[in-house]
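Work through these exercises with the sequence and the model side by side. Try each task before reading its solution.

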Amino acid sequence: METEDNVIHELLQEIAGLINEYPKALERRAADIDASGKDPDLAQALVKAADTMRDSGNLYLTWAKHYASVASGNTDASSDEDETQDFDV
């Protein structure tokens, strides 16, 4: 049986993967729209949305990692790690 720490770690990995993939999916959709020539403004809006979601995801993931660390009993859960590299920023 998995412990809660394992469940939290697994969920954190899932969240990180989804947060990483979502902006990429927006960028692919923007490229499709741009290539079709249908709506360049929409394509540009999706590129900006991808950047915004990437930045927001970094912030969210930093807090999620912090709380996962706290949940595992680490009372000094602050970290000097640079989370931006998780998302190719």
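**Exercise 1.** Is Trp63 buried, partly exposed or exposed?

*Solution.* The model is predicted, so every value here is computed from it.
Step 1. Take the relative accessible area of Trp63, which is 47%.
Step 2. Apply the cut-offs: under 20% is buried, and over 50% is exposed.
Step 3. Trp63 therefore counts as partly exposed.

**Exercise 2.** Find the aromatic pair in the structure and classify its geometry.

*Solution.* Step 1. Searching the whole structure gives one aromatic pair. Its rings belong to Trp63 and Tyr67.
Step 1. Two values describe such a pair: the distance of the centres and the angle of the planes.
Step 2. For Trp63 and Tyr67, the centres are 5.7 Å apart and the planes meet at 25 degrees. Planes under 30 degrees apart count as stacked. The Trp63 and Tyr67 pair is therefore stacked.
Step 3. Residues three or four places apart in an α-helix point the same way, because a turn takes 3.6 residues.

**Exercise 3.** Which residues make the nonpolar surface patch, and how exposed is Val70?

*Solution.* Step 1. The patch is made by Leu59, Trp63, Tyr67 and Val70. Its area is about 450 Å².
Step 1. Locate Val70: this residue lies in helix α2.
Step 2. Val70 has a relative accessibility of 41%, so it is partly exposed. Trp63, another patch member, is also partly exposed, at 47%.

**Exercise 4.** Which residues of α1 and α2 are buried, and what do they pack against?

*Solution.* Step 1. In α1, the buried residues are Leu12, Ala16, Ile19, Asn20, Pro23, Leu26, Ala30 and Ile33.
Step 1. In α2, they are Ala43, Leu46, Ala50, Arg54, Gly57, Asn58, Leu61, Ala64, Ala68 and Ser69.
Step 2. Ask what covers them. The cover over the buried residues of α1 includes α2. The buried residues of α2 pack against α1.
Step 3. Of its 89 residues, 24% are buried. Among contacts with a separation of 6 or more, 64% join residues 24 or more positions apart. The accessible surface is about 6,500 Å², and carbon and sulfur atoms hold 54% of that area.

**Exercise 5.** How many salt bridges does the structure hold, and which residues do they join into one network?

*Solution.* Step 1. The structure holds three salt bridges.
Step 1. Start in α1. Glu21 bridges to Lys24, with the closest N and O atoms 3.7 Å apart. These two residues are three apart in α1, about one helical turn. Glu21 is partly exposed at 38%, and Lys24 is partly exposed at 28%.
Step 2. Cross between the helices. Arg54 forms a salt bridge with Glu27 at 3.1 Å, N to O. This pair links distant parts of the chain: Arg54 is in α2, Glu27 is in α1, and they are 27 residues apart.
Step 3. Compare the partners. Arg54 is buried, with a relative accessible area of 14%. Glu27 is partly exposed, at 29%.
Step 4. Stay in α2. Asp51 also meets Arg54 in a salt bridge, at 3.3 Å, N to O. Asp51 and Arg54 are three residues apart, about one helical turn. Asp51 is partly exposed, at 39%.
Step 5. Join the bridges that share partners.

Methods:
Residues are numbered from 1 along each chain as its sequence is written. This is a predicted model: local features need pLDDT of at least 70, side-chain atom pairs count only at pLDDT 80 or more; totals for chains, interfaces and linings use all residues. Side-chain values use heavy atoms; hydrogens and water are left out. Buried means under 20% relative accessible area, exposed over 50%, partly exposed in between (1.4 Å probe, protein chains only). Helices (H or I, at least four residues) and strands (E, at least two) are DSSP runs, numbered from the N terminus. Contact means heavy atoms within 4.5 Å. Rings of Phe, Tyr and Trp (its six-membered ring) pair if their centres lie within 6.5 Å; planes under 30 degrees apart count as stacked, over 60 as edge-to-face and the rest as tilted. Patches are made of residues with over 30% relative accessible area and no salt bridge: like charges are joined within 9 Å, nonpolar side chains (Val, Leu, Ile, Met, Phe, Trp, Tyr) within 5 Å. Accessible areas come from the Shrake-Rupley method with a 1.4 Å probe; for residues, only the protein chains shown count as cover. A salt bridge is a side-chain nitrogen of Lys or Arg within 4 Å of a carboxyl oxygen of Asp or Glu.
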